[in-house]
Amino acid sequence: MAAPRISRKTIGFGVLFSVFLLLCLLVNPSDANWLWRLPPLLKDLPFIINDTVQNLLFEWMPIEVYDPTIDDYETKPLFREVTRAISSTLLLIIDAVREVMLGGVKTIVAFTDWNFINENPWLRWPALPWTVITGWAILLGYRLQGTGLAALAAFSMVYVSVFGQWEPSMQTLSFVLVAAPVSVVLGLGLGIWAFRNRAVEAALNPLLNVAQTMPHYSYLVPVIVLFGVGDHAAAIATIIFATPPMVRLTLLGLKNVPAEVVEAGIMNGCGRFQLLFRVLVPTAKRDVLIGVNQVVMQCLAMTVIASFIGAQGLGSNLMIALNSLKVGTGIEIGLCIVLIAVVLDRMSLAWAHKQTDYFADLSFFERHRLVIMLVAILVAGCLLAWAGSFIFEEGRNYLYIVPHNKGITTAPFWQAAVDWTWDTFFFTLKGFNEFLITKVLFPMRDLYLGMPVIATFVLMMGTAFLLDGVKSALIVGVFLLFIAFSEYWDRALITAYMASFSVMVAAVVGLVVGTLCAQNRLATRVALLVCDFLQTFPSFIYLIPVIMLFGITDTSVIIASVVYAMVPATRYTVEGLRSVPEVIQEAGTMSGVSRMQRLVQIEFPLAFPHIMLGLNQTVIFGLFMVIIGAFIGTTDLGQLILGAISDPRGTGIGLTLGLCVAFIGLAVDQIIRTWAERRKKELDLG
Amino acid sequence: MPSRGRTAGEEKPVIECRSVYKIFGRHAKSLLDGTEGFIDADAAKEAGCIVGVNNASFEVHAGELLVIMGLSGSGKSTLLRCISRLTEATAGKIFIEGQDLLAMNGRQLLDMRRSRMGMVFQNFGLLPHKTVLENIAFPLQMKGMKTRESVSRARDMAELVGLQGRENYFPRELSGGQQQRVGIARSLAVEPDIWFLDEPFSALDPLIRKEMQDEFLRLQEVLNKTILFVTHDFDEALRLADRIAIMKEGIIEQLDTPASIILQPATEYVRKFTQDVPREKVLRIEDVMNPVDETEELSDLRVSKDLIIETVAEAILNQPRPVGVVDADDRLVGSLHASHVINVLFGTSQRD
Ligand SMILES: Nc1ncnc2c1ncn2[C@@H]1O[C@H](COP(=O)(O)OP(=O)(O)OP(=O)(O)O)[C@@H](O)[C@H]1O
Ligand SMILES: [Mg+2]
């Protein structure tokens, strides 16, 4: 049965490629020829979007608003009032959190006025000494997991402080501490709603897909237009980006609650809300908390990008450093971001896996031990800072806060390392760079650009058809059609070429590394750990070392995206190979297969679907990195999106471009995922 | 009347089902329109429906233990879930102590579940994030009971089912048998008078199952609840039941005492079902004895009517004449001849 089906598929692909090649050779490359390029029918889309937004902001639904300063009613458009209200609320909260950590007076001013503050100077709130926050972090780490996490927290906080990055770090942290809870609550709410209502789920699904594959940049423009520039705008962009995984995981968790548990809840007399909040959500706790973890990670990943629209903190410092090619400083800041990310990641994961464990009779001290210790640390830290004010000179109280850039720095060392690398390997690097660009990348780009539009459609839709059937082919077709009708087909091809080059390299390397690692239990663990670790790096961080080596070129972007995309490729290969059921392995052993035979005949076929899911991730990761790479100068869609940020009419362009990128990702996703999931089901791998 | 019979015919039944149907599928209602009696399974299939429960009518009285049994997919769970209203019956009437269950609104149903019903599930259905104690206290807390009070009550329940010392364990730290004890304790915490158990022991291994059955009988001895017990294990049914309902494809084929089901199967299906049952282990003397015949000359041996045949079979078979059967007060209520015993136990024919 199986043999003829496989061969039919092979024939199918043979025919497909022949048609594809024929079309490439035969279609006449002229702009008038629709087989070569489709006319930009959607050319006006950006302007339509712009007009709609403008209309929304300045004309739609005027309402009367009372203005206390002129003591009269004014007519204002509703939408703008709403966005303003959101902005100012968010800004107030961010400032409040920030001032708790760093001190300040804005929050208090917001509720009183400047005169009041000037009369009462004691209202100027001091910062929390860094020792206090460090102590809290250590305590939290210890309570959540134990000494390991406590040590990690200690190291990270001390590092951040000693290297003089305390203030920007706390700014970043305050921004995460606001954006993350909002995303979590939003995601939880939407997830629950989708769980209870099928229509909502159906409507939400495509939205989530697009939101998760849209490049970060493309949110920025509309957010600026709607909410202005500043920390609040950055927070909103972050929230848009961080909420979808939370929704997904909430929904997943709720759906996985066993029917019997729900029925037990009903029979135990739960009302609607009791059932939701005391049975469903707690039972889904693990997935929900992993969602929280994802949210935190996304928030940190956004810090750098958010600095484009005015987020203060490590991100903007990193940008400045990179822009002025201060690689050393860049590395230090990058490490700060990574450390904060790793600590928050580990803490939220530890929280997810922690079991609540309470005993019926606890003494007062035991029940409130955490609070008591937190307060003790606060008092001790403040005392230390106070003591420090006698030891150190004014403004340099190292026990209070290490001033920005006044800590020790390793920047000169890194700079020297970079210089040394450049001096020593100049010709090698340059040679490699030139070789890659002229011998590999450019020819490949020309090849992509030389593809007639009809050939691309045939190839993509044909593949979708052969692997998944008509429905998939049509969906892929619609995605491509959108791009083809927009003005950006050529740019999209460039994006596609860069992404596919990185994906190919990443996939091959990941597959080989993953396969090797999967052969050995220890290596497997190490590989998964490294992948975990690398995955917590915000994407921007990957750019730092490559810029160091290759400067601002396409090569840098490609290498960064290769490395970035390699992570999922490796991880899924390892996971796939390792998850082949023991029984099947043993059956193989008993049929007398050699190690190689087992790998080729048993493990690969069974692990293949999972590996393909990894490839899917690899594509999305690669695409993301290529777009982010626009920051250091490429010529693809990313560059245009970046350009749109400073364009007054950039909203429409930014969104359209974002959709183009998202649709490239979703088209590939559609093909691979549908196939892999069906295949997994066929192989009975769940 | 079986000796354990707590059937009290005079009282109002605790549970009463009248022509209850449950049909899965979109056109369920239209399929039912105008039909009386049993629905034809083939017709249902043609309409794209699956029949879960087909025209079930029966009564369960206070303190009675009704076992519902049948093969997998015969509709046992569905029937139980209709009566607990976890699913809505497609048609029919269900009365709980005279109250119309299907007419209850959400509030009334909630009250009913919070005070009158308890349910034990096949896979336990414990809340994974709560400890043993919290799980048991859960239904009490849902009722709005104070934490302290509910926890102390949960402690008593844990003790009742033999879980003392493990109150602070999480379900995943317990064996299957222990988990089901938690399930049982939880379902009993609100002191319901109706107790539903859906294959409570079938996820357990045979030894533990036997132990849990004993435990269950002990509890029932103390608590004397009205029970609907689902199982597909005939031995289990025989051990526990006052009456047994045998289901096949949604239809209750026969509902009777264990002895009658074995001795007078109503349908061919039931007969096949009961064919391999070791009768001497199930039947009691009174199930097979003949009425007192004054003319007959009895042997000196007297046996109690409540004994399981197996325990006295050898003695009876050694008697040349019929033995007398006596009740608890030592009054002669019947007689039993060795040949008759052999006939009942080993003959396939029915009692004559
Ligand atoms: N939600 C549902 N939708 C459609 N059909 C269902 C549904 N639930 C049960 N059924 C069908 O109703 C019939 C009876 O199912 P039920 O679960 O009551 O069987 P059961 O006797 O409890 O079996 P088991 O011993 O396996 O638990 C089966 O054919 C089943 O497929
Ligand atoms: Mg069942």
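Which helix of chain B is B:E46 found in? That one gets settled in the first close-up; keep in mind that everything here comes from a predicted model.

**View 1. A patch of negative charge on the surface of chain B.** Four acidic residues, B:D40, B:D42, B:E46 and B:E249, gather here on the surface. B:E46 is found in helix α2, which covers residues 41-46 of chain B. With a relative accessible area of 75%, B:E46 is exposed, because anything over 50% gets that label.

View 2. Zoom in on A:F390 and you're in helix α18 of chain A, residues 369-391. A:F390 has a relative accessible area of 60%, so this side chain's residue counts as exposed.

**View 3. A positive phi at B:E191.** B:E191 isn't a glycine, yet its phi is positive, at about 55°. Look for B:E191 in the chain B loop that links α7 (176-188) to β7 (194-198). Its relative accessibility is 53%, so B:E191 is classed as exposed.

**View 4. A positive phi at B:D330.** Here's another non-glycine residue with a positive phi: B:D330, at about 65°. B:D330 sits in the loop between strands β13 (323-326) and β14 (332-336) of chain B. B:D330 is exposed too, with 61% relative accessibility.

**View 5. The domains of chain A.** Chain A splits into domain 1 (28-48 + 413-682), domain 2 (61-119) and domain 3 (169-325). Taken over C-alpha atoms, the centres of domain 1 and domain 2 of chain A are 44 Å apart.

Methods:
Residues numbered from 1 in each chain as written. Chains lettered and ligands numbered in written order. Predicted model: local features only at pLDDT ≥ 70, side-chain atom pairs only at ≥ 80, totals over all residues. Heavy atoms only, no water. Patch = residues over 30% accessible without salt bridge, like charges linked within 9 Å, V, L, I, M, F, W, Y side chains within 5 Å. Areas by Shrake-Rupley, 256 points an atom, 1.4 Å probe, with all protein chains shown as cover. Salt bridge = Lys/Arg side-chain N within 4 Å of Asp/Glu carboxyl O. Lys, Arg positive; Asp, Glu negative; His and termini not counted. Charge placed at Lys NZ, Arg CZ, Asp CG, Glu CD. Helix = DSSP H or I, 4+ residues; strand = E, 2+ residues; numbered from the N terminus. Buried < 20%, exposed > 50% of the residue type's maximum accessible area, 1.4 Å probe, protein only. Domains from an automatic or database assignment.
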